[in-house]
Amino acid sequence: MEINPSETLMEPLPARGSEHPRGLRFFARAGAGLLRLLAGLGRAGVFFGQTLYCTATPPLKLRLTVKQIWFIGWKSIGVICLMAVFSGMVLALQAYPTLRQLGSEGFLGPLVALSLIRELGPVLSALMVTGRAGSSIAAEIGIRRTNEQIDALELMGLNPLRYLVTPNLLAFLVALPLLGAIFDVAAILGGYLVGVKLLGLNTGTYFGEMGSYVRLHDILGGLYKSASFGLLVAWVCCYKGYYTQPGAQGVSTATTQAVVNSSVLILGCDYFVTALLF
Amino acid sequence: MICIEGLWKAFGAQEVLRGVSLRVQAGEFLALVGLSGCGKSLLLKHVVRLVAPDRGRVLVGGKDLAALSRRELEATRSRIGYVFQNSALFDSLTVYENVAFPLQEKTRLREAEIRRKVMAQLEEVGLEDAAEKCPAALSGGMVKRVALARTLVRNPEILLLDEPTTGLDPIVSGAILRLFAAAHQQRNLTGILVSHHIPAIFSIVQKVAMLHGGRIVAVEAAAEVQASRNAMLAQFVNGNPEGPIRPIGSRGQPARRTAPPGLEAVVKDSGEKQP
């Protein structure tokens, strides 16, 4: 695949259609809006395809990738654990009274574990990482664009996608499943604190029942979900940064769009992956 | 060496370049002047095909850039050094790493050889003591010199300089321009220099071209520019607010909202509508 961002990627999207006579302006704007949407989707698709190509072919920028894994993964662990513990605690606190009414408080462990492993762990960790690392990556790439660093890379005969996007894609793919797993463990411990230490459930019941109900399929499903969210977040955040408009406002808009679009897509994608896996 | 023929470029309704034609011979250094926002940087980006024209063509060394494959374009670009307006240094790397970066990534030189070349280049621009500093710790003039070092270390045949002295004091600007002049003479470079640093640039270039209203309105020998008979070039060089080029907001009249960058100043005698 020939990659020439200056010709295929950097062409501006269609105009907004405000230069037409008043009577036709609505139709012109609607048409231009549709064209912009299609062109944007096409450009995002080409960007994704080129990124996958760069990821699948050498040379891989291993040092940059490790650095990004450290930034996206390691530096997110603290906030992920904190968020997870409270999520697990709330989940246990909310579920326990209902389970008790049904005489099924022994199922608190499986309920907490399955909700977290299948759903909350991947989704909440992805949302948190989007806010913490995705926004930062979009802003960093955006600033590199406005400072002409991306142009400089191109003029050195280097593919900017290999240096700026591929390491992030790989880092998200590695880091998010691990963070999801850490989230699950921390949240289960949070549930344990409330269920066992606060509400008096037996430790053996909490963990024992969990072992009977959680299958490998559930754990793998959660990891797949996290990986697909990682792919999505990397794509959206890097794309928004790469095509940022000039100036501080351009970078700020790109960062906001990166976080909002990623978050919406995570939730949308969650439905389809859940339907597919479980 | 560089031949631009009938170049048009528009962004939506804004026509920034409207049939620009320009020729730079091998070994010649040309200064491109014009009002801020008139499309000088855009024109320079066409020469390395960072931007593709709507119409017209750019030939470098006789090759039409539009007709080149990706590899051929890379090979052509490798002959061109480009100093960006913002210097475009990688802020996560030190000065040494910035200058060494293109050699590390694009050549198979050993690290010792790269170090030798980079340090020699840094010495040439007077920054050998700042090798381990990060760009954020440097002054504006030093940043420009690092950018020049990073460009020259690749041994380009063509040098494109986009406002390399903007924002610098006259002494630092003079020192930077002297570096360009030395590089041009020692390496017999062909180049285009975009600058507002008038008249200092006239001593280091052979020709001056003026871009205005999306077209080249004057090309003159640098030695004759200050006595130019071209009214626009003379007005621009002398910094005279009165003349055929009317600055934005003069006589209390606003510029047209739809005017493309650089066309806000309306040329009275070019037949364009007044705002």
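This briefing describes the fold of chain A and then the sheet, the hairpin and a helix pair of chain B. The structure is a predicted model. Chain A has ten helices and zero strands, whereas chain B contributes an open sheet of six strands with mixed pairing, a hairpin formed by β1(B) and β2(B), and a packed pair of helices, α3(B) and α5(B).

**Chain A**

- Among the contacts in chain A with a separation of 6 or more, 84% are between residues 24 or more positions apart.

**The six-stranded sheet of chain B**

- The strands of this open sheet lie in the order β6-β7-β8-β3-β9-β10 in chain B, and their pairing is mixed.
- At the edges stand β6 (80-83) and β10 (215-221) of chain B, each of which pairs on one side only, and the twist from one strand to the next averages 15°.
- Within the sheet, strand β7 (residues 158-162) of chain B runs parallel to strand β8 (residues 190-194) of chain B, and the two are joined by five bridges; one of the residue pairs is Ile158(B) with its bridge partner Thr190(B) in β8(B).

**The hairpin of chain B**

- Strand β1 (residues 2-11) of chain B and strand β2 (residues 14-24) of chain B run antiparallel and are joined by eight bridges.
- These strands, β1(B) and β2(B), form a hairpin with two residues between them, and Gly12(B) in the turn has a positive phi of about 65°.
- Phe11(B) stands opposite Gln14(B), which belongs to β2(B).

**The helix pair of chain B**

- Two packed helices are described by the angle between their axes and the distance between the axes.
- For helix α3 (residues 95-106) of chain B and helix α5 (residues 140-152) of chain B, the angle is about 25° and the axes are 8 Å apart.
- Because angles under 35 degrees count as roughly parallel, α3(B) and α5(B) are roughly parallel to each other, and their crossing is right-handed.

Methods
Residues are numbered from 1 along each chain as its sequence is written. Chains are lettered from A and ligands numbered from 1 in the order in which they are written. This is a predicted model: local features need pLDDT of at least 70, side-chain atom pairs count only at pLDDT 80 or more; totals for chains, interfaces and linings use all residues. Axes are lines fitted to C-alpha atoms, for helices over the stretch in contact, and angles run from 0 to 180 degrees between N-to-C directions. Helices (H or I, at least four residues) and strands (E, at least two) are DSSP runs, numbered from the N terminus. Angles under 35 degrees count as roughly parallel, over 145 as roughly antiparallel, 65 to 115 as roughly perpendicular and the rest as oblique. A crossing is left-handed if the near helix is turned anticlockwise from the far one by less than a right angle, and right-handed if clockwise. Two residues are in contact if their C-beta atoms, placed from the backbone, lie within 7 Å. Two strands pair if DSSP finds at least two bridges between them.
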